Amino acid sequence: MKFFRNLTIGQYVHKDSPIHKLDPRIKILTSLLMMILIFLTESWWSFLIIGFFFTVNIWLSKVQIKYVLRGLKPILVLIILTLFIHLFTTPGEVIFQIGVIRMTWEGLSRGMFIAVRLFLLILTTSWLTLTTSPIALTDGIERLLSFFKIIGFPAHEIAMMMTIALRFIPTLMEETEKIIKAQMSRGADFESGNILKRMKNMIPIIIPLFINAFHRADELAIAMEARCYRGGEGRTHYRALSFKYLDKVFFMIISFTIALIIIINVV
Amino acid sequence: MIKFDHVTHIYTGDREHEIVSLSDINLEIHDGDFIACIGANASGKSTFAKHINGLLVPSEGNVIVDDYNTRDKKSIWEIRKKIGIVFQNPDNQLVATTIEDDVAFGLENIGIEEAEMKRRVAWALDLVGMAELKDSEPHLLSGGQKQRVVIAGALAMHTTYLVLDEPTSMLDPRGRKEVLEIVKKLNKEEDITIIYITHFMSEAAEFKKIIVLDKGRIALQGTPKDIFGRIDLLKELHLETPQITKFARLLSENGLNIPPDILTGEEMIKELCLYI
Ligand SMILES: Nc1ncnc2c1ncn2[C@@H]1O[C@H](COP(=O)(O)OP(=O)(O)OP(=O)(O)O)[C@@H](O)[C@H]1O
Ligand SMILES: [Mg+2]
């Protein structure tokens with residue numbers, strides 16, 4: 001039995017595309033701004049533009065649609081649910097009525113609008129995480145947050161924690177698997193019994209896992225110290241980020257798109 | 001040069017008993033040395049290793065690295081640049097999510113600029129034969145490969161000394177061989193001073209000099225032939241002789257004309273060929 005085969009962190013899909021090559025900072029900011037707009041806008045036109053923007057983007061990134069759909073799947077139930085709630089609870093012109101349950105035109109349009117809003121939010125995050133590797137994301141977040149360092153915000157520490165977490169998740173997964181197998185070979189049972197019993201059976205897995213993790217953390221800290229690690233001060237970056245021609249072009253496009261959406265909403 | 005001058009180290013836990021893990025160590029390690037360090041469990045090998053780069057500071061005495069004292073907080077980073085250290089568990093030494101990022105970790109810490117960093121990372125990975133896997137992730141590598149990446153991380157810092165604390169004890173035979181080959185090559189071709197702690201006697205036999213620790217003291221030091229010639233003393237120190245030496249001794253005791261102090265397979269083959 002193999003529990004964690006083909007484990008990949010996040011949902012990054014590696015492709016050689018202009019979107020993948022964009023500076024992660026610009027992608028993170030774009031996603032953030034787009035999400036704010038998606039939340040605030042009340043116009044179908046904005047959705048149309050944003051939808052178009054990301055469709056073109058994903059097409060350019062060469063990431064297959066199936067990955068995008070996979071990201072949407074878990075949220076599908078939520079989308080349908082909100083659609084129905086709005087459909088039946090919004091007062092207005094009745095489409096049809098059975099007993100106390102009635103469906104309204106206003107509900108239909110409101111429900112559709114919220115559903116599309118949710119859909120676009122997911123599309124935005126998918127676009128970001130599908131085309132940006134975890135390393136690039138971490139780098140981008142660190143560089144963006146470093147702006148707040150002056151007020152004492154621990155930007156470097158947060159990025160370091162993310163890196164170490166990313167580095168050790170696969171290692172700890174493997175370890176969990178080993179422990180589970182070892183306990184099963186001693187006759188431990190993780191599949192039967194009620195929830196309480198099953199949770200109790202997990203204890204022999206959790207405890208060694210934690211002890212080992214603390215042990216690892218201790219050794220890692222010593223190794224990092226031996227390699228001259230002393231916090232973020234005076235540190236340089238192996239992956240320097242710089243705005244290239246491509247980033248400038250994208251920056252212009254995104255600026256115009258956002259300006260357009262704002263104008264539509266204001267007028 | 002690394003100099004241990006009357007170094008004693010005492011671990012003081014919160015409990016009442018203190019553990020003397022090193023006592024009155026005097027030692028000079030010269031540039032270009034190729035030294036193995038052996039000793040029974042809890043004889044103080046790891047404590048010794050951690051004193052070399054100032055991870056631990058002596059309770060008494062001084063450790064001097066190229067004129068820097070490890071007690072001196074200002075020079076500690078200079079010392080750690082000079083001394084690369086490799087520990088037993090490769091997993092717990094790799095920090096970054098890809099191989100090249102990890103090799104660059106130390107360089108980032110000491111503020112090397114980007115272009116120079118790229119150059120050094122490529123050079124170091126090439127030296128340990130891991131250049132092709134630079135984009136790979138640590139958890140996909142074998143133990144031997146991981147240790148080679150750890151070594152590359154030290155090399156990229158342009159270290160002059162490499163301390164390895166049982167780097168092969170968690171590896172399979174193939175990984176062990178890979179690491180030992182690299183260490184030999186670094187000493188020969190890059191002139192890096194090696195201090196190699198091991199509990200494999202067959203590995204220790206391949207070094208120019210061996211230091212034997214016992215209960216925090218240097219019990220013996222000398223060439224492998226000196227050390228492994230003293231079977232009775234080694235037994236007292238709970239240490240073995242290499243298999244091949246035992247074998248040679250047996251052959252010679254049974255009347256074959258073979259020197260009893262053979263240390264490596266090659267020597268043995270040579271002697272046996274002469275015999276035939
Ligand atoms: N952090 C610590 N706190 C207290 N005592 C310690 C600590 N680390 C080591 N010791 C003790 O110091 C002594 C020397 O330990 P050290 O780890 O240096 O030995 P070693 O030769 O490396 O052993 P091994 O072969 O097991 O790696 C041992 O008695 C050990 O119990
Ligand atoms: Mg040890």
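## Strand pairing and the antiparallel sheet of chain B

Two strands count as paired if DSSP finds at least two bridges between them. In this predicted model, strand E4 (residues 60–65) of chain B meets that requirement with E5(B), since 2 bridges join the two strands in the antiparallel sense. Within this pair, B:Ile64 has B:Asn69 in E5(B) as its bridge partner.

E4(B) and E5(B) belong to an open sheet of 4 strands, ordered E2-E1-E4-E5 in chain B, with antiparallel pairing. Strand E2 (18–29) and strand E5 (68–69) of chain B are at the edges; each has a single partner strand, so one side of each has no neighbour in the sheet. Helix H1 (residues 45–52) of chain B packs on this sheet and touches strand E1 (2–12), E2 and E4 of chain B. The direction of H1(B) makes about 120° with that of E1(B).

## The mixed sheet of chain B

Strands of a sheet pair through backbone hydrogen bonds, either parallel or antiparallel. Chain B also has an open sheet of 6 strands in the order E6-E7-E8-E3-E9-E10, and here the pairing is mixed. Its edge strands are strand E6 (83–86) and strand E10 (217–222) of chain B, each of which pairs on one side only. On average, neighbouring strands of this sheet are turned by 20° against each other, direction ignored.

One of the pairings joins E6(B) to strand E7 (residues 161–165) of chain B, in the parallel sense and over 4 bridges. B:Ile83 stands opposite B:Tyr161 in E7(B).

## A hairpin in chain A

In chain A, strand E1 (residues 94–98) and strand E2 (residues 101–104) run antiparallel and are joined by 4 bridges. A:Ile98 has A:Ile101 in E2(A) as its bridge partner. The hairpin of E1(A) and E2(A) has 2 residues between the strands, and A:Gly99 takes a positive phi near 60° there.

## Nonpolar cores

The largest nonpolar core has 53 residues. Those with the most contacts inside this core are B:Ile151, B:Leu162, B:Ile194 and B:Phe228. Helix H5 (residues 143–156) of chain B gives the largest share, 7 residues. Residues up to four places away in sequence aside, B:Ile151 touches B:Val86, B:Val128, B:Leu162, B:Leu164, B:Val179, B:Ile182 and B:Leu186.

Another core lies apart from this one and has 28 residues, among them A:Ile26, A:Phe54, A:Phe113 and A:Trp127.

## Buried places in the helices

Helix H3 (residues 99–109) of chain B is mostly covered, with 11 of its 11 residues buried. The buried residues include charged ones such as B:Glu100, B:Asp101, B:Asp102 and B:Glu108. Their cover comes from both chains: it includes H6, helix H7 (155–185) and helix H8 (195–226) of chain A, together with helix H4 (114–127) and H5 of chain B. Just after H3(B), B:Gly111 takes a positive phi of about 75°.

A:Phe53 lies in helix H3 (residues 44–61) of chain A. A:Phe53 counts as buried because its relative accessibility is 7%, and the limit for buried is under 20%. Leaving aside neighbours within four places in sequence, A:Phe53 is in contact with A:Thr30, A:Met34, A:Phe250, A:Ile253, A:Ile254 and A:Thr257.

## Charged side chains

Side chains of opposite charge can pair when their charged atoms come close. Over all chains, the count comes to 26 salt bridges. One of them joins A:Lys21 to A:Asp16 at 3.0 Å, N to O, and A:Asp16 is exposed at 54% relative accessibility. In another, the closest N and O atoms of A:Asp23 and A:Arg25 are 2.9 Å apart. A:Asp23 is buried at 3% relative accessibility, and A:Arg25 is buried at 16%. A:Glu42, A:Arg110 and A:Arg117 are linked in a network of salt bridges.

B:Lys118 forms a salt bridge with B:Glu114, with 3.0 Å between the closest N and O atoms. Both residues lie in helix H4 of chain B, 4 residues apart, about one turn of the helix. B:Lys118 is partly exposed at 36%, as is B:Glu114 at 33%.

Which charged residue is buried yet has no salt bridge? That residue is A:Asp139, in helix H6 (residues 134–145) of chain A. The nearest side chain of opposite charge, A:Arg143, is 4.1 Å away, whereas a salt bridge has to be within 4 Å. Beyond its neighbours within four places in sequence, A:Asp139 is in contact with A:Arg239 and A:Leu241.

Note on methods. Residues numbered from 1 in each chain as written. Chains lettered and ligands numbered in written order. Predicted model: local features only at pLDDT ≥ 70, side-chain atom pairs only at ≥ 80, totals over all residues. Heavy atoms only, no water. Buried < 20%, exposed > 50% of the residue type's maximum accessible area, 1.4 Å probe, protein only. Contact = heavy atoms within 4.5 Å. Axes fitted to C-alpha atoms, helices over the stretch in contact; angles between N-to-C directions. Core = buried A, V, L, I, M, F, W, Y, C linked by side-chain atoms within 4.5 Å.
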